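User: I am new to this structure. Please show me how to read its main features.

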Amino acid sequence: MKKNVRYMKIICIGRNYLAHIKELNHSIPEEPVFFFKPDSALLQKHSPFYYPDFSNEVHYECELVVKINRLGKSIPENFAHNYYSEVAVGLDMTCRDIQRKEIEKSLPWSISKAFDYSAPISNFVTLDNLGKDIQNLDFKLLKNGVVVQETNTSDMIFSVNKLISYLSRFMTLKIGDMIFTGTPCGVGEVKIGDKLEAYLEGNSILKCDIK
Ligand code: MG
């Protein structure tokens with residue numbers, strides 16, 4: 001019997017909000033910076049995140065996620081809006097201690113960013129239902145009931161359409177691919193026992209307990 005397995009890639013944008021670049025002492029990119037997580041990184045249905053045994057400093061990064069709904073290559077920026085209709089909020093969980101070592105050694109961020117279940121994600125909602133432009137969405141993250149990250153997508157350095165156009169110059173975007181569009185400022189550590197909750201447009205959309 002043929003199994004209906006759908007493969008997808010998760011593309012993550014780094015350095016897409018000015019205040020976050022400053023808090024990590026990074027430089028402002030002239031072009032989008034991106035990296036990948038494998039599909040084994042996905043953590044869905046409000047499942048708990050189990051603290052990995054290979055890191056001592058895991059950070060949350062709350063991000064708007066866009067799902068690609070058409071096959072596309074070399075997509076012009078002014079057509080990019082035809083390639084998505086749904087968004088979610090995701091957490092780009094990052095082993096900051098390992099990432100620091102990877103940066104020091106000029107290595108890719110493979111372990112720090114792409115480990116199992118490093119991408120907790122909410123259900124997707126349609127932009128039609130939200131009734132708002134993708135570049136005018138409020139989202140925020142609460143840790144143990146306290147707001148730690150809060151932004152509007154109008155603060156992105158590179159818009160979603162620009163990101164899609166840029167990425168599709170190098171790689172074909174396929175149905176089901178997801179783009180984590182970068183985190184605003186306020187990233188920080190999680191500890192076992194913490195409770196994360198993300199909101200999109202004022203509605204609780206993702207819960208993730210750290211275990
Ligand atoms: Mg990130």
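Analyst: We will go through the metal site, the salt bridges and the pocket. Note that this is a predicted model.

User: Which residues coordinate the magnesium ion?

Analyst: Look for the donor atoms around the ion. Here they come from E61, E63 and D92, at 2.0 to 2.1 Å. Their spacing along the chain reads E-x1-E-x28-D. E63 sits in strand 5, and D92 in the loop between strand 6 and strand 7, so this pair ties together parts 29 residues apart in sequence.

User: Is E63 buried or exposed?

Analyst: Buried means under 20% relative accessible area. E63 has 0%, so it is buried. D92 is buried too, also with 0%.

User: How many salt bridges does the structure hold?

Analyst: It holds 11. Take E57 and R100, whose side chains meet at 2.9 Å, N to O. E57 is in the loop between strand 3 and strand 4, while R100 is in helix 2, so the pair links parts 43 residues apart in sequence. E57 counts as buried at 17%, whereas R100 is partly exposed at 44%.

User: Where does E61 come in?

Analyst: E61 forms a salt bridge with R96 at 2.8 Å, N to O. Both residues are buried. E86 and K67 form another, at 3.8 Å. Salt bridges with shared partners join K37, E61, D92, R96 and K113 into one network.

User: What lines the largest pocket?

Analyst: Its lining includes R6, K45, K67, F124 and M178. By class, there are five nonpolar, four polar and three charged residues. The volume of this pocket is about 190 Å³.

Key
Residues numbered from 1 in each chain as written. Predicted model: local features only at pLDDT ≥ 70, side-chain atom pairs only at ≥ 80, totals over all residues. Heavy atoms only, no water. Donors = N, O, S within 2.8 Å, 3.2 Å for Na, K, Ca; no water. Helix = DSSP H or I, 4+ residues; strand = E, 2+ residues; numbered from the N terminus. Buried < 20%, exposed > 50% of the residue type's maximum accessible area, 1.4 Å probe, protein only. 1 Å grid on protein atoms, 1.4 Å probe; cavity = no way out; pocket = protein on both sides within 12 Å on 5 of 7 lines; lining within 4 Å. Points joined across faces, edges and corners; volume = space filled by probe spheres on them. Nonpolar A, V, L, I, M, F, W, Y, C, P; charged D, E, K, R; others polar. Salt bridge = Lys/Arg side-chain N within 4 Å of Asp/Glu carboxyl O.
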